[in-house]
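Q: Could you take a close look at the aromatic and pocket-lining side chains here? I'd like one connected walk through them.

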Amino acid sequence: MSLPSGPSEDGQDASPDAVGGIVDRHSWRESVTALVPSLRAFAWSLSRNGADADDLVQETLTKAWTYRDRFEAGTNLRAWLFTILRNSWYSAVAKRRREVSDEDGQHAGRLTAEGNQEWTVELGALKLALDDLPPEHREAIVMVGAAGLSYEEAAEIAGCALGTIKSRVNRARNRLAEAMDIPRGAD
């Protein structure tokens, strides 16, 4: 025989939620509340800190109340709550491993990042210089310089001779260097 689950018309939970027949929200609350001292003792044994234990119990009770409809009638409420508490503890421990304690801000003070404004300006200048190149030269320099294609592959894609693609790349490099005020040495 299956009992209906969920709240009834009078706001009471119609399904039993634990051994002993927790039938309504009041019974659920009493059963969970009776286990709080055991939960706190278990939480303290894990954390060894009263405040952390209280936080862990509070988190456990919040999760239990939120997911009370997932509790299966006829199973052990104590074991269910202890499992929630233990899993919450392990999640907190894993999270703490990824965090750095820095109450005085010294660690954060040592963290710096290089400014990227100069690179942004240079990238904008490069884009403008590329836009000023003839289309054939821009295509050649992008294929060889940016895409990393060999001269042979670029020539095949562009449908021209190997010497033509090399010439286009060289001219594009020279024009870009001139536009960007970069001194060109012997290649």
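Predicted model: local features only at pLDDT ≥ 70, side-chain atom pairs only at ≥ 80, totals over all residues.

A: Let's start with the rings. Searching the whole structure turns up 4 aromatic pairs. One of them is W28 with W80: the ring centres are 5.9 Å apart and the planes sit at 65°, and since anything over 60 counts as edge-to-face, that's what this pair is. W28 belongs to helix α1 (residues 25-34) and W80 to helix α4 (residues 77-98), so the contact ties together parts that are 52 residues apart in sequence. W28 is buried as well, with a relative accessible area of 3%. Bring in F71 and you have a cluster, with ring pairs linking W28, F71 and W80.

R68 has its charged end over the ring of W65, 3.9 Å from the centre. Over at Y151, K166 lies over the face, 5.7 Å from the ring centre.

Now for the largest pocket, which holds about 200 Å³ of space. Three helices each give at least two residues to its lining: α6 (117-132), α7 (135-146) and α9 (162-179). The top contributor is α7, with 4 residues. Among the lining residues are L126, L130, I141, V142, L176 and M180, along with G145, R173 and R184. By type, the lining splits into 9 nonpolar residues, 1 polar and 2 charged.

Conventions: Residues numbered from 1 in each chain as written. Heavy atoms only, no water. 1 Å grid on protein atoms, 1.4 Å probe; cavity = no way out; pocket = protein on both sides within 12 Å on 5 of 7 lines; lining within 4 Å. Points joined across faces, edges and corners; volume = space filled by probe spheres on them. Nonpolar A, V, L, I, M, F, W, Y, C, P; charged D, E, K, R; others polar. Phe/Tyr/Trp six-rings, centres within 6.5 Å; stacked < 30°, edge-to-face > 60°. Buried < 20%, exposed > 50% of the residue type's maximum accessible area, 1.4 Å probe, protein only. Lys NZ or Arg CZ within 6 Å of the ring centre and 35° of its normal.
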